[in-house]
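Here's a quick briefing to read with the model open beside you. Take a look around first, then work through the points by topic.

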Amino acid sequence: MSRILLISDNPRRSRALARDLAAGQACEIHDLYDDASTGPADAFVTDLFDFSSDAVTRVRNILERSRRGAPLVMVLHHDCARARLFGMALGASHTLCAPLDLDCLRDFLGLSRREPEPMTADALNRSEEARRFYGTVFVPDQPITSQVIDAGTDYIGQAIRDTGIRAWVRAVQRFDDATHQHCLLVTGLAAAFAGSRGLGPLDRHRLTKAALLHDVGKICVPHAILNKPGRLDAAEMAVIRQHPEQGWRLLADQGFEPEMLAVVRSHHEMLDGSGYPDRLRGEDIPDLVRLVTVCDIYAALIERRSYKAPMSSADALAILDGMGERLDTTIVRAFRPIAAAFTPDA
């Protein structure tokens with residue numbers, strides 16, 4: 001069995017990458033700022049944001065003790081001259097930039113390509129439980145409380161950590177109800193995104209909760225429109241476009257935090273002012289809204305519908321990139337490793 005040493009300046013952020021590399025071999029995360037001995041390894045990966053001279057020295061010391069000719073691959077979250085000079089100084093075998101191609105990374109490390117993650121029984125069971133929760137809580141004429149949503153948020157967040165985003169997406173894509181499929185895709189992607197960025201428990205909960213709530217206004221939209229087996233006409237689209245305001249009104253007096261209400265009302269706003277319902281622009285759109293918007297658009301692109309196959313991850317990312325300044329480009333870049341981590345079933 002091969003041993004991979006993943007050197008990181010944020011071990012929490014690197015957990016998802018370590019899990020992806022751990023199929024068939026041991027992958028150990030080593031904190032760059034931990035001076036403990038590492039021992040020899042068969043391959044090395046660096047996952048760093050810090051490209052200071054101190055970081056170069058620390059990585060070099062680790063490699064001098066342990067590398068012994070093994071391949072070294074640098075994962076770059078941002079392709080810049082300083083990062084590439086860092087790689088040259090360390091004698092990196094290869095560099096890979098986001099969006100990360102895991103098959104390419106495994107090839108560079110001399111590992112076999114990973115088999116597609118199966119749609120596990122655990123993922124199926126967890127997603128069905130989440131669907132039942134959604135169908136029980138998000139119904140017309142029934143109050144929705146923050147405490148109930150907190151419980152659902154914790155359940156889905158733990159499910160993503162236990163099953164992984166690939167298995168979750170495959171399980172959720174089986175749902176016939178378009179609203180259930182979409183909401184649970186967005187929530188799963190948001191939970192995985194939060195985990196990949198190394199956010200603490202409170203911030204992970206906050207983003208996952210916002211994603212779970214974002215489309216609550218759709219309970220006011222007729223079922224025939226939500227699950228229409230075809231594209232919506234102009235009149236139906238006008239009805240759909242009312243859901244942000246309707247959701248905001250549903251939750252306004254239920255004890256939800258202002259930031260959650262902002263996500264519900266504004267997740268279709270665009271930074272250039274072309275969104276709805278309030279045509280907000282730029283700094284008027286909070287960061288939490290921007291995060292959910294990226295997850296929301298990506299989920300809509302990869303969804304399985306009766307009238308369309310799910311779009312590939314690469315094509316969906318290309319559309320996000322093509323939206324330019326309508327979206328927060330920093331968030332789109334940060335989201336790429338989540339999107340590139342799986343290819344939806346065709």
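When we say two residues touch, or are in contact, we mean that they have heavy atoms within 4.5 Å of each other. Keep in mind that this is a predicted model. We'll start with one aspartate, then visit a strand, the nonpolar cores and a group of rings.

**Asp9 and its surroundings**

- Look for Asp9 in the loop that links β1 (3–8) to α1 (11–21).
- Leaving out residues up to four places away in sequence, Asp9 touches Leu32, Tyr33, Asp47, Leu48, Phe49 and Asp50.
- Is Asp9 buried or exposed? Its relative accessible area is 18%, and buried means under 20%, so Asp9 counts as buried.
- The side chain of Asp9 makes a polar contact of 3.0 Å with the side chain of Arg13.
- A polar atom of the Asp9 side chain also lies 2.7 Å from the backbone nitrogen of Phe49.

- One partner is strand β3 (residues 43–47), which pairs with β4 in the parallel sense over 4 bridges. Within this pairing, Val45 sits opposite Val73 of β4.
- To get from β3 to β4, the chain passes through helix α2 (residues 53–66), making a right-handed β-α-β crossover.
- Strand β5 (residues 94–97) also runs parallel to β4, joined to it by 4 bridges. Here Leu76 faces Cys97 in β5.
- Another right-handed β-α-β unit is made by β4, helix α3 (residues 81–90) and β5.

**The nonpolar cores**

- Nonpolar side chains tend to be buried together in soluble globular proteins.
- How many residues does the largest nonpolar core have? It has 62, and those with the most contacts inside it are Phe138, Ile144, Ile149, Trp168, Tyr298, Leu320 and Phe335.
- There's a second, separate core of 19 residues, and its members include Leu32, Phe44, Ile62 and Leu72.

- Across the whole structure, a search turns up 4 aromatic pairs.
- In one of them, the ring centres of Phe193 and Phe335 are 5.4 Å apart and the planes meet at 85 degrees, so this pair is edge-to-face.
- Phe193 belongs to helix α8 (residues 178–196) and Phe335 to helix α16 (residues 329–340), so their pairing ties together parts that are 142 residues apart in sequence.
- Both Phe193 and Phe335 are buried.
- Tyr298 and Phe335 are edge-to-face too, because their ring centres are 5.1 Å apart and their planes are at 70 degrees.
- That pair ties together parts 37 residues apart in sequence, because Tyr298 lies in helix α14 (residues 287–302) and Phe335 in helix α16.
- Tyr298 has 0% relative accessibility, so it counts as buried, and Phe335 has a relative accessible area of 0%.
- Which residues form one aromatic cluster? They're Phe193, Tyr298 and Phe335.

Notes:
Residues are numbered from 1 along each chain as its sequence is written. This is a predicted model: local features need pLDDT of at least 70, side-chain atom pairs count only at pLDDT 80 or more; totals for chains, interfaces and linings use all residues. Side-chain values use heavy atoms; hydrogens and water are left out. A nonpolar core is a set of buried Ala, Val, Leu, Ile, Met, Phe, Trp, Tyr and Cys residues joined through side-chain atoms within 4.5 Å. Buried means under 20% relative accessible area, exposed over 50%, partly exposed in between (1.4 Å probe, protein chains only). Helices (H or I, at least four residues) and strands (E, at least two) are DSSP runs, numbered from the N terminus. A polar contact is a pair of N or O atoms within 3.5 Å; within protein, one must be able to donate a hydrogen and the other to accept it, and residues adjacent in sequence count only if both atoms are side-chain atoms. Two strands pair if DSSP finds at least two bridges between them. A crossover is right-handed if, with the strands pointing away from the viewer, the path from the first strand over the helix to the second runs clockwise. Rings of Phe, Tyr and Trp (its six-membered ring) pair if their centres lie within 6.5 Å; planes under 30 degrees apart count as stacked, over 60 as edge-to-face and the rest as tilted.
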